[in-house]
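Here is a short tour of one protein model. Please look it over before reading on.

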Amino acid sequence: MPPSSLRVVYAFAREMHPKTTDIFIEYGTAGFRTKANLLEHVVYRMGLLAVIRSRCKNGRTIGMMITASHNLEPDNGVKLIDPDGEMLEQSWEEIATRLANVSDNDLESTTEQVIKQVNADMGLKASVYIGMDTRYTSPRLAAAAVHGVMALKGTAKEFGIVTTPMLHFCVKCRNDNTYGTPTEEGYYEKIVGAFKNIRQKLPVFGHYNTTLHVDGANGVGGKKLNIIKKTLDGELDLVLYNLGGNGGKLNLNCGADYVKVSQKPPVGVEPVPFQRVASLDGDGDRIVYYYVDDSNNMCLLDGDRIATLLASYITESLKACDATHLRLGLVQTAYANGGSTKYITEDLKVPVTCVKTGVKHLHHAALSYDIGVYFEANGHGTVVYSDVAKSTIAKVAQEGDTEQRKAAQLLLNFIDMTNETVGDAISDLFLVETVLCARGHDVRQWMDSYKDLPCRQLKVTVEDRNAIKTTDAERKCTSPEALQGQIDELVSKYNSGRAFVRPSGTEDIVRVYAEADTQDSAEKLAAEVSQAVFDLAGGVGDRPSLPA
Ligand code: 16G
Ligand code: MG
């Protein structure tokens, strides 16, 4: 494309999506995320970038998802998806940030610079898949995305309202047709189809109950489960709540993040002792389970629990297939409860890698195993299987003895049911339900596998959160200088104490995590560490107080 035709890049910007704010915005842990009314020009520009990225990848399809996940309704966001259904390559985040922040007047020349810098052949075709969540601001932003794609003569395909993982799946399928069909229906066919297949093979027994209650966070995930529910013939009885009707607000007092952070049941779901409930987040890429006991105590089965459940099941399956030479590993972040890490390494004897927060880091690390299970404690995760793992299991399904063939076929269905591109609440829900059913387990038996250490998370507001620098997968703080020493000293006073701090990638705050042998100690340690952050890193507002 000759540079002169970049004029239209400016024309669209000036006439349709002008930059009306000087607030600096950064491509963070999961793309750009802020108040929806500050985003139109950003999304338009990401449309441009998606086309350039597609051309850099030889015309392969790139995805653009309009969502702010678990944030409240007034926020929105955009993230790009790479050809294999993965998050945007990290080295492009800086380019995305640059393009998002230049003035309209400099947009044309900056676009040209970017094209040169990444060496994109603008004569190639370009394809961009666009999806959005249920926010009322999403359609307008999706339209801006389409304009960005048009301005550089790419082809945009709109998927309308889909979960984030559905879009990742479709991008992957479009670029690799062995993975599936790149449509919402193709997604149901593969993932839900595999679940139904498994249910034909596994009898319901023991304490497993086929009724599952689900909190949809008033977002897209619940809506899609409502479609899926109608296609299930008693294999699973989904009872759905918070589907977005009746004035229910997206992620407000409901959803995976609310349940995990506040450790309270979501609004609208009556607590019934020992009833199994799953909570999705606003764009359907996170899930946590919970139940209340007979004293109405909240019992959370978070990402750590899901990871250990899946890893132990896959380990057993590999034994049954006589394929234990395949290396299974688990990837966690510093937020993983110490109890889970101990259980995984000492009881399951599965190796663990700890990485920085953010799905891209976990996903990447998981790929180094033959089978990598990765989960953030907040419920974002999935399983990835290498080609070697898949072909080994497929071979056993053909050539093993009767029992081995049975186990391998089941495991192949399990693989099909997994959305390997990214953490997926719907796919994860089916994986969990499969393991519980296979074991005849209820939530209590699931919970009994290990004991969590009591923990507490707090937020501290400081002048500049990036003054906090970390290392060792965020477990140690290198700046401000004196902070880590203080944290070490505080931690040393508690049995099984552990604490770390990190700047949030999605909010303008510093996060504090603490765990210890009792809830009181965890609360106290978290508060003390918060005070240290406040004092040493330029706290703003009221100094955090200690628990009474
Ligand atoms: C984003 C990340 C999530 C991470 C969270 C941390 C993706 C798709 N999402 O939501 O993995 O846990 O940020 O938020 O990568 P924080 O930096 O505010 O703690
Ligand atoms: Mg999400």
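## The largest cavity

The lining of the largest cavity consists of 4 nonpolar, 2 polar and 2 charged residues. Here Ala, Val, Leu, Ile, Met, Phe, Trp, Tyr, Cys and Pro count as nonpolar, Asp, Glu, Lys and Arg as charged, and the others, Gly among them, as polar. The lining residues are Lys260, Val261, Gln263, Tyr335, Cys455, Arg456, Gln457 and Tyr513. Helix H9 (255-262) and strand E15 (455-460) are the elements that give two or more residues to this lining. E15 gives the most, with 3 residues. Domain 2 (188-300) and domain 4 (455-536) both contribute to the lining, so the cavity lies between them. The domain bounds come from an automatic or database domain assignment.

The space in this cavity is about 100 Å³. On a 1 Å grid over the protein atoms alone, a cavity is a set of points where a 1.4 Å probe fits but cannot get out, and a pocket is an open set with protein on both sides within 12 Å along at least five of seven lines; lining residues have an atom within 4 Å of a point. Grid points are joined across faces, edges and corners, and a volume is the space filled by probe spheres set on the points.

## How to read the model

This is a predicted model: local features need pLDDT of at least 70, side-chain atom pairs count only at pLDDT 80 or more, and totals for chains, interfaces and linings use all residues. Residues are numbered from 1 along each chain as its sequence is written, chains are lettered from A and ligands numbered from 1 in the order in which they are written, and side-chain values use heavy atoms, with hydrogens and water left out.

Helices (H or I, at least four residues) and strands (E, at least two) are DSSP runs, numbered from the N terminus.

## Other spaces

The structure holds 3 cavities of 30 Å³ or more.

The largest pocket holds about 1200 Å³ of space. Its lining has 42 residues, and Glu26, Gly28, Arg465, Ser504 and Gly505 lie nearest its centre. Strand E1 (32-35) and helix H2 (40-56) are among the elements that give two or more residues to this lining. E1 gives the most, with 4 residues. By type, the lining has 10 nonpolar, 16 polar and 16 charged residues. The second largest pocket has a volume of about 980 Å³. It is also lined by 42 residues, of which His70, Asp257, Arg286, Thr506 and Arg511 lie nearest its centre. H9 gives the most to this lining, with 6 residues.

Strand E4 (residues 127-132) is mostly covered, with 6 of its 6 residues buried. Buried means under 20% relative accessible area, exposed over 50%, partly exposed in between (1.4 Å probe, protein chains only). Ser127, Tyr129 and Gly131 are buried on one side of E4, and Val128, Ile130 and Met132 on the other.

Two strands pair if DSSP finds at least two bridges between them. Strand E2 (residues 62-66) runs parallel to E4, joined by 5 bridges. In this pair, isoleucine 66 stands opposite methionine 132. E4 also runs parallel to strand E5 (residues 155-161), again over 5 bridges. There, serine 127 has threonine 155 as its bridge partner. From E4 the chain crosses through helix H5 (residues 138-151) to E5 in a right-handed β-α-β crossover. Right-handed means that, with the strands pointing away from the viewer, the path from the first strand over the helix to the second runs clockwise.

Strand E13 (residues 371-375) is largely enclosed by the rest of the structure, because 5 of its 5 residues are buried. Ile371, Val373 and Phe375 are on one side, Gly372 and Tyr374 on the other.

Strand E11 (residues 328-333) pairs with E13 in the parallel sense over 4 bridges. Leucine 328 has isoleucine 371 as its bridge partner. Strand E14 (residues 381-385) is antiparallel to E13, with 5 bridges between them. Tyrosine 374 stands opposite threonine 382 in E14. E13 and E14 form a hairpin with 5 residues between them. Glycine 379 in the turn has a positive phi of about 100°.
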